[in-house]
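This report looks at helix packing and at pairs of charged side chains in one protein model. Please keep the sequence and the coordinates at hand while reading.

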Amino acid sequence: MLIAGARVVLQPFRTDELDALYEARLRSTPTVGELDREAVRRRVESSGTWNEGRLDLAIQVDGKLVGEVDVRSDRQMLPPGVCEFGIELWADLRGAGIGTEAVELLTRWLHEQGFSRVQAGTHVANLQMRTVLAKVGFEHEGTMRRFMPDGDGRADYALYAHVVQA
């Protein structure tokens, strides 16, 4: 599986990228649960295929791992035809258009796979991601109050969706 754009390629993780992915996750702010190296290894090994309602992909630029996307379409949590994704670019590349291209590629591919609704949530203060989503055609649908664990409390998240009209 390979989803290629002008600069960005979304593809399964290579096994030699496990350490880089694990280290990047250690540097980022964990939002839910503890970081488990074995769980990261399993996700790398199953990347590129749907596994238990989840699809994990590496974001590559010029053959270099620069981030990750994950798509969730758990039939017990979301209705048929609906999926949700998360994306993380490593800080040194933010603002270069890579995230926008990755979201465009992923959204188009998910619609081609039959998902009529693609949604994403982000911290209300994450103006970069909110701008990317709006630029790609996602519409802000509302705010999920006290949604994501955040330190000692819970953070509000903005919910966006890109919908194929019937």
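With which residue does Glu38 form a salt bridge, and how far apart are the closest N and O atoms? The partner is Arg41, and the closest N and O atoms of the two residues are 2.0 Å apart, where a salt bridge is a side-chain nitrogen of Lys or Arg within 4 Å of a carboxyl oxygen of Asp or Glu. Glu38 and Arg41 are 3 residues apart in helix α2, which means that about one helical turn separates them. Glu38 is partly exposed at a relative accessible area of 33%, and Arg41 is likewise partly exposed, at 27%; here buried means under 20% relative accessible area, exposed over 50%, and partly exposed in between, with a 1.4 Å probe and protein chains only.

## Basis of the values

The model is predicted, so that local features need pLDDT of at least 70 and side-chain atom pairs count only at pLDDT 80 or more, whereas totals for chains, interfaces and linings use all residues. Residues are numbered from 1 along each chain as its sequence is written, and side-chain values use heavy atoms, with hydrogens and water left out. Helices (H or I, at least four residues) and strands (E, at least two) are DSSP runs numbered from the N terminus.

## The buried side of helix α1

Helix α1 spans residues 18-27, and within this helix Leu18, Leu21, Tyr22, Ala24 and Arg25 are buried. These residues lie on the same side of α1, because they cover an arc of only 160 degrees around the axis, the arc being that of the directions from the helix axis to the C-beta atoms. The buried residues of α1 pack against α2 (37-46) and β4 (64-72), with contact taken as heavy atoms within 4.5 Å.

## Salt bridges between elements

The side chains of Arg37 and Asp19 also meet in a salt bridge, at 2.3 Å from N to O. Arg37 lies in helix α2 and Asp19 in helix α1, so the pair ties together parts that are 18 residues apart in sequence. Arg37 is partly exposed, with a relative accessible area of 34%, and Asp19 counts as partly exposed at 46%.

A further salt bridge joins Glu141 and Arg117, whose closest N and O atoms are 2.5 Å apart. This pair links distant parts of the chain, with Glu141 in strand β7 (residues 139-150) and Arg117 in strand β6 (residues 117-123), 24 residues apart. Glu141 counts as partly exposed, at 43% relative accessibility.

## Network and total

Salt bridges that share partners join Arg43, Arg54, Asp56, Asp70, Arg72 and Glu84 into one network. The count of salt bridges comes to 14.
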